[in-house]
Amino acid sequence: MSEKIKVFGAPASPYTQKMISILRYRHIAYEFFMGDVPGRLSKLESIEPPNPILLPTLLLKDDSGELKATTDTTPIIKRFENEYPDRKLLPEDPALSFINYLLEDFGDEWVTKYMFHYRWYFDEDANNASSVLPLTDLAVNMPADTLKEVKKYIYDRQHGRLWVVGSNDTTAALIDSSYKRFVKLMDNHLSVSKFLFGEKPSSADFAIYGQLTQLINFDPTSRKITYDRSLRLVSWLDIMTDLSGHDVDNSNWTSLEDSPDSLKEIMKEFGKMYVPALLANARAIIEGEETWQTKIDGSLWKQKTFPYQAKCLNWIKEEFDKLNADDKSRVRAFLDGTGCELILG
């Protein structure tokens, strides 16, 4: 597959950054097109835009060999594992691969709450984002009057969407404390391991990296928090940006049983914060409720119901059900006491 993959996205999209870094690491040729994804796709004959349009959007061949606009990074990563034999991202050990799946989901669905919260909850950050995003996503030479109008539109739209990730006056302190713990947990882990699972990056590393490109490199409040608490994590972000030269022949994933305690501590943050949200959201979906609330880490969390995260919970259970009895036992033993065992069924 020597053809370059067309990737449509934006620099300020953590999922775009996740996928671009993966393509670099895996030595998969690509072309990157920034901004106005609907407009760019509409100019390509026979390409129907995805619904909804998500970033990044990749043009990949379907079973008939026709190019199709494809989104959602996790299934794309799985597809590439089959299509490209070298420099893979998913551990061969099924139990370790499942823990990787959990942490990729944690990066995509919980660490993104930090990102969206810090970007749009605080005035300084929201002003920065609504000023810079139009210039990078649309046109750096945008006239000042146009920029002023677009800035207001983006600010109003994005600030009004804080409910999507559960960021509000009730949950702000919870999100902030969780991010600060997460930074410390990652710092502790990176002091004994180059990546989440040893000497070799996995898809979970790239999921977390994608969110951190924004939290550390773009948004002022979270950038200061991270620089004050973990220069190690700041350095790791730089390393993750381009791993095209990483020596995969002489690096390995650490076995699940030999993983350092610091990895399990990260899973405890997953169990403390993300698991209660997943379970409460799933109950709200079943009961047809538009909003839900629950206790997370001893405090009230409330937000609108999010159908996609109900799917995430189902996919986690499906991945676990694929494991044989021995691997299920190994996963349960590793997750015991983290709170993550509550979502295994």
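E265 and K268 sit about one helical turn from each other, being three residues apart in helix 11 (helices being DSSP runs of H or I, at least four residues, numbered from the N terminus). Their side chains form a salt bridge, with the closest N and O atoms 3.1 Å apart; the term covers a side-chain nitrogen of Lys or Arg within 4 Å of a carboxyl oxygen of Asp or Glu. Both ends are partly exposed, E265 with a relative accessible area of 34% and K268 with 33%. Here buried means under 20% relative accessible area, exposed over 50%, and partly exposed in between (1.4 Å probe, protein chains only).

All of this comes from a predicted model, in which local features need pLDDT of at least 70 and side-chain atom pairs count only at pLDDT 80 or more, while totals for chains, interfaces and linings use all residues. Residues are numbered from 1 along each chain as its sequence is written, and side-chain values use heavy atoms, with hydrogens and water left out.

By the salt-bridge rule, the count comes to 20. One of them pairs R330 with D93, at 2.8 Å from N to O. D93 is partly exposed, at 22% relative accessibility. The two also belong to a network of salt bridges that takes in E257 and D327.

Then there is R181 with E269, whose closest N and O atoms lie 2.9 Å apart in a salt bridge. This pair, too, links distant parts of the chain, with R181 in helix 7 (residues 172-190) and E269 in helix 11 (residues 261-287), 88 residues apart. R181 is partly exposed at 23%, whereas E269 is buried at 3%.

Key:
Helices (H or I, at least four residues) and strands (E, at least two) are DSSP runs, numbered from the N terminus.
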